[in-house]
Amino acid sequence: MLQPTSTRSSLADALVGWPPPVLDPAGPFSERITTLSWALLVMAVLVMVVVGFALAGALFGNASLKKRLGGRGLIWGAGFAFPVVVLSGLLVWGLTLTSSLSSRPTGDELRIQVTGEMWWWRVTYLDSEGRVLARDANEVHIPVGRPVLFELTSNDVIHSFWVPQLAGKLDMVPGRVNRLILTADRPGSYGGQCAEYCGGPHALMGLVVVAHRPEDFDREMERLRAPATAPVTPVALRGAEVFESSGCGACHTVGGTEANGLAGPDLTHVGGRRSLGAGILPNNQGTLAGWIADSQTIKPGNRMPPYSVLSGEELMAVSAYLDGLE
Amino acid sequence: MAMAGRAISLVVLASLSACGTDVAEQHPMPAGSPEAGLEAIRATGCAACHVVPGVEWPMGRTGPSLEGFAARPLIAGSLSNDPDTLTAFVRNAPALSPDSAMPPMPLTESQARDVAAYLYTLQPR
């Protein structure tokens with residue numbers, strides 16, 4: 001008798017709080033952006049309150065108040081000098097505060113290349129020389145406390161990489177590499193989202209960044225660098241057969257097998273990811289089956305065709321196989 | 001969105017308590033919590049394949065819609081629709097219905113009971 005094999009993913013650890021919390025920083029870079037946002041908001045509110053009172057006085061006040069509000073001194077002082085001083089001050093302070101956000105890489109950072117695709121993220125871990133260590137998709141693993149250099153580009157249209165708890169947004173532009181350095185202060189999963197409209201299911205283009213303690217990170221990297229887990233159960237073995245005969249390998253790579261397609265996400269470790277469909281679904285055998293059979297209903301316009309040719313038994317087998325690729 | 005979903009589910013739950021006796025007579029689920037069931041349904045992504053009233057997205061079509069599930073005579077067209085069978089089925093469908101495409105789902109026994117309890121709140125309109 002078959003036992004439940006899929007026991008992993010729950011929405012809580014898969015989708016890590018949707019939408020991503022924007023004002024809850026988890027690293028030094030996002031902390032500064034959050035400080036700046038609050039300071040600007042407070043200043044703007046204060047000025048608006050003062051202006052609101054002045055406007056009310058000018059409209060409904062008695063004659064002497066109106067006269068004072070219309071005086072030359074007040075107009076030059078509060079209407080010109082005050083904004084110049086305050087805005088210049090804020091500008092200088094803001095630029096100083098955020099200058100470290102665009103600091104140049106030192107060469108000690110961990111290198112991860114993330115390429116925007118319609119509508120998912122291609123992830124490549126690089127060594128310091130730029131050689132490929134591992135490939136993955138839609139999920140990025142980083143160590144806590146160490147700066148990570150994200151080399152961002154795109155294969156089609158402009159996307160924008162945004163993990164609000166860790167850093168600001170940065171565009172991913174075809175034919176060019178934008179560099180973003182970020183650091184996570186504490187372990188955890190951080191939700192991200194494409195922040196530049198890129199057509200069709202742009203709103204369903206999410207990703208997950210997982211920050212690990214250094215020793216856990218090393219284990220994660222080992223897992224990601226290894227070839228795919230070979231199927232052992234009869235249903236998974238059958239699934240591998242269905243995967244091959246259905247031509248899945250034309251678009252997807254499963255490391256260590258003949259499947260070497262590059263058009264779609266790398267599936268070598270698909271079963272180990274927290275989410276499915278680029279950060280939008282919990283990842284388990286059920287959602288895998290639903291995605292394969294009819295991803296167009298779930299994420300309309302995505303580039304994977306519905307596999308309605310698979311029988312129930314084949315669908316079950318192939319989802320069991322993929323679920324086991326951890 | 002989540003707030004709206006919660007509000008809708010509360011309305012669903014409130015409206016079911018009005019006809020609670022019928023449901024209890026049809027499918028007694030003393031150990032299951034429909035609210036926890038809806039949470040588990042969201043958390044495991046049942047809606048990737050099923051239209052589940054109370055879940056706005058996605059509205060998958062791979063499996064049958066679960067609208068009005070409480071009044072269905074059969075599960076998966078072959079099993080009797082009673083609480084114990086449903087609890088076992090949502091957790092490990094292939095054990096009961098080997099030809100179905102529905103795979104085992106990552107639910108505990110008590111979560112499966114909650115899911116069944118929620119499904120039994122789904123009366124036909």
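Two residues are in contact here if their C-beta atoms, placed from the backbone, lie within 7 Å. The model is predicted.

**Chain B**

The buried residues of helix α4 of chain B pack against β1, β2 (79-80), α5 (93-96) and α6 (109-119) of chain B. Helix α4 of chain B spans residues 83-91, and its buried residues are B:Leu86, B:Thr87, B:Phe89, B:Val90 and B:Arg91.

Chain B has six helices and two strands. Their order from the N terminus is α-α-α-β-β-α-α-α. Chain B has 125 residues, of which 46% count as buried. Among contacts in chain B with a separation of 6 or more, 55% join residues 24 or more positions apart.

One backbone feature of chain B is a cis peptide bond between B:Trp57 and B:Pro58, with omega of about -15 degrees. B:Pro58 sits in the loop between α3 (34-44) and β1 (74-75) of chain B.

**Domains of chain A**

Chain A is divided into domain 1 (28-102), domain 2 (110-225) and domain 3 (234-323). The centres of domain 2 and domain 3 of chain A, taken over C-alpha atoms, are 22 Å apart. Across this pair, 20 residues of domain 2 of chain A are in contact with 15 residues of domain 3 of chain A. Several elements build the domain 2 side that touches domain 3 of chain A: β2 (120-126), β3 (132-137), β9 (188-194), β10 (206-212) and α5 (214-225) of chain A each supply at least two residues. That side of domain 2 of chain A divides into 11 nonpolar, five polar and four charged residues.

**The nonpolar core**

The largest nonpolar core has 98 residues. Those with the most contacts inside this core are A:Leu166, A:Val209, B:Val115, B:Ala116 and B:Leu119. Helix α8 (residues 312-323) of chain A gives the most to this core, with seven residues. Domain 2 (110-225) and domain 3 (234-323) of chain A both contribute residues, so this core lies between them.

A:Leu166 shows what surrounds one of these residues. Its neighbours within four places in sequence are left aside here. A:Leu166 is then in contact with A:Ala26, A:Gly27, A:Phe29, A:Ser30, A:Leu182, A:Ala184, A:Tyr190 and A:Val209. A:Val209 is also among the residues with the most contacts inside the core.

**Helix α4 of chain A**

Helix α4 of chain A covers residues 72-98, 27 residues in total. From its first C-alpha to its last, this helix reaches 38 Å, close to the 39 Å expected at 1.5 Å a residue. A kink of about 30 degrees lies at A:Phe82 in α4 of chain A, shortly before the proline A:Pro83. Helix α4 of chain A is hardly covered: of its 27 residues, the count that are buried is zero.

**Loops and backbone geometry in chain A**

Chain A has a cis peptide bond as well, joining A:Met118 and A:Trp119, with omega of about 10 degrees. A:Trp119 is found in the loop between β1 (110-117) and β2 of chain A.

Positive phi values also occur in chain A. A:Asn138 has phi near 65 degrees, although this residue is other than glycine. A:Asn138 lies in the loop between β3 and β4 (139-143) of chain A. A:Ala278, also not a glycine, has a positive phi of about 70 degrees. A:Ala278 is placed in the loop between β11 and β12 of chain A.

The loop between β11 (275-276) and β12 (281-282) of chain A holds A:Ile280 too. Leaving aside neighbours within four places in sequence, A:Ile280 is in contact with A:Leu204, A:Gly206, A:Ser275 and A:Lys299. A:Ile280 and A:Trp76 are 204 residues apart in sequence, and their C-alpha atoms are 54 Å apart in space.

| Residue | Other C-beta atoms within 10 Å | Class |
|---|---|---|
| A:Asn138 | 27 C-beta atoms | buried |
| A:Ala278 | 25 C-beta atoms | buried |

A residue is buried if 20 or more other C-beta atoms lie within 10 Å of its own. A:Asn138 has 27 such atoms, so it is buried. A:Ala278 has 25, so it is buried.

Methods
Residues are numbered from 1 along each chain as its sequence is written. Chains are lettered from A and ligands numbered from 1 in the order in which they are written. This is a predicted model: local features need pLDDT of at least 70, side-chain atom pairs count only at pLDDT 80 or more; totals for chains, interfaces and linings use all residues. Helices (H or I, at least four residues) and strands (E, at least two) are DSSP runs, numbered from the N terminus. The expected span of a helix is 1.5 Å times one less than its number of residues. The bend at a residue is the angle between axes fitted to the seven residues ending there and the seven starting there. A residue is buried if 20 or more other C-beta atoms lie within 10 Å of its own, exposed if 12 or fewer, and partly exposed in between; C-beta atoms are placed from the backbone. Domain bounds come from an automatic or database domain assignment. Ala, Val, Leu, Ile, Met, Phe, Trp, Tyr, Cys and Pro count as nonpolar, Asp, Glu, Lys and Arg as charged, and the others, Gly among them, as polar. A nonpolar core is a set of buried Ala, Val, Leu, Ile, Met, Phe, Trp, Tyr and Cys residues joined through C-beta atoms within 7 Å.
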